[in-house]
Amino acid sequence: MMSSVEKVKILVVGDSGVGKTSLVQLICHNEPTSNPGWTIGCSVEVKLHEYKAGTPAEKTYFLELWDVGGSTSHTNSRSIFYNPVHGVILVHDQTNRKSHQNLRKWLAEVLNKDNMKLLGNGYEFDPEQFAGSQVPILVIGTKLDLAESIREKGVSRSSSIAEECGADEINLDCQQVKSLAPGSTNAVKLSRFFDKVIEKRFNSGREKCYKHSR
């Protein structure tokens, strides 16, 4: 039965140390990771997701979350993980402004996966290129507990790439299961993103076929 369940591939990218592995553990297994190791290459976790849960269109899908190692030494070899890609989760550490600024480079790297050798390390985020890619994006900021104490000291946040991409943004503490508690704002945003990825992957093509057949 499970072998007939369709799947989508979602990349989880961001700088080393921002908490991607802890985030994926929380999303897929609903539990925190006490001592996550550094990801070398890529690690894949799987989650079952109910698309359009509670509606007549409800259907179960597999979500593959590809946790891609953020080391700069592997920049030129990471492209093997980027094809195909149905959705992207951009992860940054809210206590590290540079990791947020680098999300533009990560998104450009994923979108330019076929030309990485030509681009070298000079990735630049092009809003027009993103607009044409139609890849659903979700921005997640980790270490919310630490960020809140820093902001109390007057450190302001930089503007978000989420606004530029028209993407939802979630801020959470990966060590707190309640961060993604069912029914919470964060959980709703995450589920909405997963639905959007599935919609783009499977239903966009069907809608086009339907329009052509009319």
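Q: In this predicted model, is Lys7 buried, partly exposed or exposed?
A: The relative accessibility of Lys7 is 47%. Exposed would need over 50%, and buried under 20%. Lys7 therefore counts as partly exposed.

Q: How many residues apart in sequence are the parts tied together by Glu6 and Lys59?
A: The side chains of Glu6 and Lys59 meet in a salt bridge of 2.9 Å, N to O. Glu6 is partly exposed at 26%, and Lys59 is partly exposed at 35%. Glu6 lies in the segment before S1 and Lys59 in strand S3, so the parts they tie together are apart in sequence by 53 residues.

Q: Are Glu109 and Arg78 buried or exposed?
A: Their side chains meet in a salt bridge of 2.8 Å, N to O. Glu109 lies in helix H3 and Arg78 in the loop between S3 and S4, so the pair ties together parts 31 residues apart in sequence. Both Glu109 and Arg78 are buried.

Q: Which strands stand at the edges of the sheet?
A: The open sheet has six strands in the order S2-S3-S1-S4-S5-S6, with mixed pairing. A strand at the edge has a single partner strand, so one of its sides is left without a neighbour in the sheet. The strands placed like this are S2 (42-51) and S6 (168-171).

Q: In which sense do S2 and S3 pair, parallel or antiparallel?
A: Strands of a sheet pair through backbone hydrogen bonds, in either sense. S1 and S3 pair in the parallel sense over six bridges, with Val12 opposite Asp67 in S3. S2 and S3 have ten bridges, among them the one from Glu50 to Thr60 in S3. The sense in which S2 and S3 pair is antiparallel.

Q: At about what angle does helix H1 run to S3?
A: Helix H1 covers residues 20-29 and lies across S1, S2, S3, S4 and S5. S3 is mostly covered, with seven of its ten residues buried. The angle of helix H1 to S3 is about 165°.

Q: Which element gives the largest share of the largest nonpolar core?
A: This core has 27 residues, of which Ile10, Leu23, Leu65 and Ile89 touch the most other members. Two or more residues come from each of S1, H1, S3, S4, S5 and helix H8 (185-213). The largest share is six residues, and the element giving it is H8.

Q: Where in the protein is confidence lowest?
A: The mean pLDDT of the protein is 82, and 74% of its residues reach 70 or more. Confidence is highest in S1, at a mean of 97. Where pLDDT is low, the predicted coordinates should not be read in detail. The lowest mean, 48, belongs to residues 116-119, helix H4.

Key. Residues numbered from 1 in each chain as written. Predicted model: local features only at pLDDT ≥ 70, side-chain atom pairs only at ≥ 80, totals over all residues. Heavy atoms only, no water. Pairing = 2+ DSSP bridges. Helix = DSSP H or I, 4+ residues; strand = E, 2+ residues; numbered from the N terminus. Contact = heavy atoms within 4.5 Å. Axes fitted to C-alpha atoms, helices over the stretch in contact; angles between N-to-C directions. Core = buried A, V, L, I, M, F, W, Y, C linked by side-chain atoms within 4.5 Å. Buried < 20%, exposed > 50% of the residue type's maximum accessible area, 1.4 Å probe, protein only. pLDDT = per-residue confidence, 0-100. Salt bridge = Lys/Arg side-chain N within 4 Å of Asp/Glu carboxyl O.
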